Amino acid sequence: MELREGEQVLDIGCGTGMNIPLIQERVGAGGVVVGIDRSAEMLAQARKRAARHSWENVILIQADATTMRAADIAAEVTRAGGRARSDVALATYALSLMQPWESAWETMRELTTASARLGVLDMQRPTGISALLTPLARAACRLGGADIEAHPWTAVERDCAEIRAASVRGGHLQMRVGTT
Ligand SMILES: C[S@@+](CC[C@H](N)C(=O)[O-])C[C@H]1O[C@@H](n2cnc3c(N)ncnc32)[C@H](O)[C@@H]1O
């Protein structure tokens, strides 16, 4: 996502914060990472991770991204020392768990600047010869609570410009990045 020093990055459905170290490496201490997740247990793990690394620029907010108003999330971010709108927003293995994911996508857009980069990584049924693995992929998604038919990256294609795409693991993993 070509993160730059000093940028503020929003991670929707951040879970235990596995993306945070990678984001930190790029935005540095002058940047900010905002993680949003509805699960207190997941956020507790993310908080532990931030404390372990002594990161002071990580803001973690418990919120349901499909229902909490973007303005209310922005108010919490600014109270915690961040900016209302982020330069970059991403959702990895997250939107397909949210129903309706379109609401979370709109929240992502509302919480980013006018020329932000938005990224979605999510799952679909494998394609080509890898389609043979579809039952396995379906079972894994069902177990994790993800809707394998959601295809949330299509929102990036629809609403963003300068799209970059990647498809790996027999098409099972789809990534799209675009600029608003
Ligand atoms: C499979 S985990 C992915 C975590 C992280 N993005 C990663 O790549 O490691 C999906 C996360 O989305 C969160 N989630 C699901 N529905 C949500 C919602 N409506 N609002 C906010 N977070 C949600 C879950 O609590 C979970 O932590």
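The structure contains 11 salt bridges, where a salt bridge is a side-chain nitrogen of Lys or Arg within 4 Å of a carboxyl oxygen of Asp or Glu. The model is predicted, so local features need pLDDT of at least 70 and side-chain atom pairs count only at pLDDT 80 or more, while totals for chains, interfaces and linings use all residues. Residues are numbered from 1 along each chain as its sequence is written, and side-chain values use heavy atoms, with hydrogens and water left out.

One of the salt bridges joins the side chains of Arg-69 and Asp-72, with an N to O distance of 3.2 Å. Arg-69 is exposed, at a relative accessible area of 51%, whereas Asp-72 is partly exposed, at 33%. In these terms, buried means under 20% relative accessible area, exposed means over 50%, and partly exposed lies in between, with a 1.4 Å probe and protein chains only.

A further salt bridge brings together Glu-149 and Arg-138, 3.4 Å from N to O. This pair links distant parts of the chain, since Glu-149 belongs to the loop between α5 and α6 and Arg-138 to helix α5, 11 residues apart. Both partners are partly exposed: Glu-149 has a relative accessible area of 35%, and Arg-138 has a relative accessibility of 30%.

Arg-158 and Asp-159 also form a salt bridge, their closest N and O atoms being 2.9 Å apart. Asp-159 is partly exposed, with a relative accessible area of 22%, while Arg-158 is exposed, with 53%. These two residues belong to a network of salt bridges that also links Glu-106 and Arg-109.

The helices come next. Helices (H or I, at least four residues) and strands (E, at least two) are DSSP runs, numbered from the N terminus. In helix α4, which spans residues 101–110, the buried residues are Trp-101, Ala-104, Trp-105, Thr-107 and Met-108. They lie on the same side of α4 because they cover an arc of only 160° around the axis; the arc is that of the directions from the helix axis to the C-beta atoms. The partners against which these buried residues pack are β1 (8–12), α3 (70–79), β4 (86–92), β5 (112–123) and α6 (154–159), contact meaning heavy atoms within 4.5 Å.

Helix α5 covers residues 134–144, and its buried residues are Thr-134, Ala-137 and Cys-141. Viewed down the axis of α5, these fall within an arc of 65°, so they line one face of the helix. The buried residues of α5 pack against β5. On the other side of α5, Pro-135, Leu-136, Arg-142 and Leu-143 are exposed. Just after the helix, Gly-145 takes a positive phi of about 80°.

Finally, the ligand has 16 residues around it, of which Gly-13, Asp-37, Asp-64, Ala-65 and Thr-92 come nearest; a residue is near a molecule if one of its heavy atoms lies within 4 Å of it. A polar backbone atom of Gly-13 is 2.8 Å from a nitrogen atom of the ligand. Likewise, a backbone N or O atom of Ala-65 lies 2.9 Å from a ligand nitrogen atom. Thr-92 contributes through its side chain, where an N or O atom is 2.6 Å from an oxygen atom of the ligand. Taken alone, the ligand exposes 600 Å², and the protein buries 86% of that; accessible areas come from the Shrake-Rupley method with a 1.4 Å probe, and for residues only the protein chains shown count as cover.

How values were computed: A polar contact is a pair of N or O atoms within 3.5 Å; within protein, one must be able to donate a hydrogen and the other to accept it, and residues adjacent in sequence count only if both atoms are side-chain atoms.
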